[in-house]
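These are my notebook entries from a reading of one protein model. I set down what I looked up, topic by topic.

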Amino acid sequence: MAPQTPSLPRIDFSSENSEPGTSSWLSTSKQVKDALENHGFFLVTYDKISSEVKNAFILAMKEFHDLPEEQKSRFTSDKPYLGYFGQARDGKPPILELTAIGDPTSIQAVEGFTNLFRSSGKKDHLREIILSYTKQVAELHELILKMVLEGYGVEKYYESLKESLAYICRVNKYRATEPNERDVAVVPHTDSSFMTILDQNEVNGLEVKSKDGSWVPVDFPPSSFALVAGDGLLAWSNGRIRPKVHRVIMAAEEPRYSIGLFCYTHGIVEAPKDLVDEQHPLLFKPFNHFELVSLTQTKKLYLIEDRLKVLYGV
Ligand SMILES: O=C(O)CCC(=O)C(=O)O
Ligand SMILES: [Fe+2]
């Protein structure tokens, strides 16, 4: 039997719980808010994304990673956080190769990626798979965001926030490890996104840091996704939601594929005035979200949990 992760909150988004306006919607929104404030993390069961769509997406990414190094490396961008990255370490294949596609719900952006493949049949097929998967996970993001706003009684801001959302899809491939090899493949960090939805193949490896400092391995139940709070939610909630520290440990006979759909805003991140009062003075100056992403990368603030305070603290 798969190991249980009892200390991590799990929320069921079956259709009757995620229909806006119903009483179950209100109680699910409360669960979302409580899980985010207490853990910065939850597992969500959501059966609207079929296993066929998910498996086709993972297979497509496997095909990409099976391409020769030279071909993969041609996927680049002028933005420091997009493109393909994979570097051999100590003469061994890299433990982690990552591929970050900006704006992955737009046809043009996805074509920038699928154009790496030579056959036009393959390009069309991959484009459809990527768009189908990322659009459905983006819908899940929007549902969660709507619940967060509902939970704080500020759903009036939902439409304008939704209009400004921007996504990055990052696929991580972790190679199988050798017997007795146990690699910290992704060091402890928090995400600079508003929030991130993580999905994976059947190989575990993600761990989240609990309040007592211990590491809790995350086991993904069927049809579930992990929701990780990032810096954007910290600023927007005016300190009520803390980003979750997480890492990846690889010790597995099979490669692990994980997919992160990182949710950002195109514009400025700031706490709504309703969440600022005498008990909750404003903690961060309004900031441009993609400036934070660039600074995190170029100033090497990736590992600094308090980077928002350092950069934009009031
Ligand atoms: O592979 C995972 O499960 C998590 C990866 C991660 O934390 C990240 O890409 O920011
Ligand atoms: Fe992360």
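I count two residues as in contact when heavy atoms of theirs lie within 4.5 Å. I also note at the outset that this is a predicted model.

**Entry 1: Lys-173**

I began with Lys-173, which I located in strand E5, residues 165–174. I then asked which residues Lys-173 touches, leaving aside those up to four places away in sequence. I found His-65, Ile-95, Leu-96, Glu-97, Pro-255, Arg-256 and Tyr-257.

Next I checked the charge of this lysine against its surroundings. Lys-173 is buried, yet I found no salt bridge for it. Glu-97 has the nearest side chain of opposite charge, and it is 4.2 Å away.

**Entry 2: Ligand 1**

I turned to ligand 1 and listed its surroundings. Arg-170, Asn-172, Tyr-174, His-189, Asp-191 and Leu-198 are among the residues around ligand 1.

I then looked up polar contacts to oxygen atoms of the ligand. For Tyr-174, a polar side-chain atom lies 2.6 Å from an oxygen atom of ligand 1. For Arg-256, a side-chain N or O atom is 2.9 Å from an oxygen atom of ligand 1. For His-189, the corresponding distance is 3.1 Å. How much of the accessible area of ligand 1 does the protein cover? I recorded 99% of the 290 Å² that ligand 1 has on its own.

**Entry 3: Salt bridges**

I note first that side chains of opposite charge can pair when their charged atoms come close. The count for this model comes to 14 salt bridges.

I examined the pair Asp-199 and Lys-54, whose side chains meet in a salt bridge at 2.9 Å, N to O. Asp-199 lies in strand E7 (residues 195–200) and Lys-54 in helix H2 (residues 51–65), so this pair ties together parts that are 145 residues apart in sequence. I found Asp-199 buried, with a relative accessible area of 2%.

I looked next at Asp-66, which forms a salt bridge with Lys-62, with the closest N and O atoms 3.1 Å apart. Lys-62 is partly exposed, at a relative accessible area of 37%.

My last pair was Asp-124 and Arg-127, whose closest N and O atoms are 3.6 Å apart in a salt bridge. Both residues lie in helix H5 (residues 120–151), 3 residues apart, which is about one turn of the helix.

**Entry 4: Positive phi**

I recorded that most residues other than glycine have a negative phi. Against that background I looked up two residues.

Ser-223 has a positive phi, near 55 degrees. I found Ser-223 in the loop between strand E9 (215–217) and strand E10 (224–229), where it is partly exposed at 40% relative accessible area.

Asn-238 is not a glycine and has a positive phi of about 55 degrees. Asn-238 lies in the loop between helix H7 (231–236) and strand E11 (246–250). I noted Asn-238 as buried, with a relative accessible area of 4%.

Technical notes. Residues numbered from 1 in each chain as written. Chains lettered and ligands numbered in written order. Predicted model: local features only at pLDDT ≥ 70, side-chain atom pairs only at ≥ 80, totals over all residues. Heavy atoms only, no water. Helix = DSSP H or I, 4+ residues; strand = E, 2+ residues; numbered from the N terminus. Buried < 20%, exposed > 50% of the residue type's maximum accessible area, 1.4 Å probe, protein only. Lys, Arg positive; Asp, Glu negative; His and termini not counted. Salt bridge = Lys/Arg side-chain N within 4 Å of Asp/Glu carboxyl O. Near = heavy atom within 4 Å. Polar contact = N/O pair within 3.5 Å; in protein donor to acceptor, adjacent residues only side chain to side chain. Areas by Shrake-Rupley, 256 points an atom, 1.4 Å probe, with all protein chains shown as cover.
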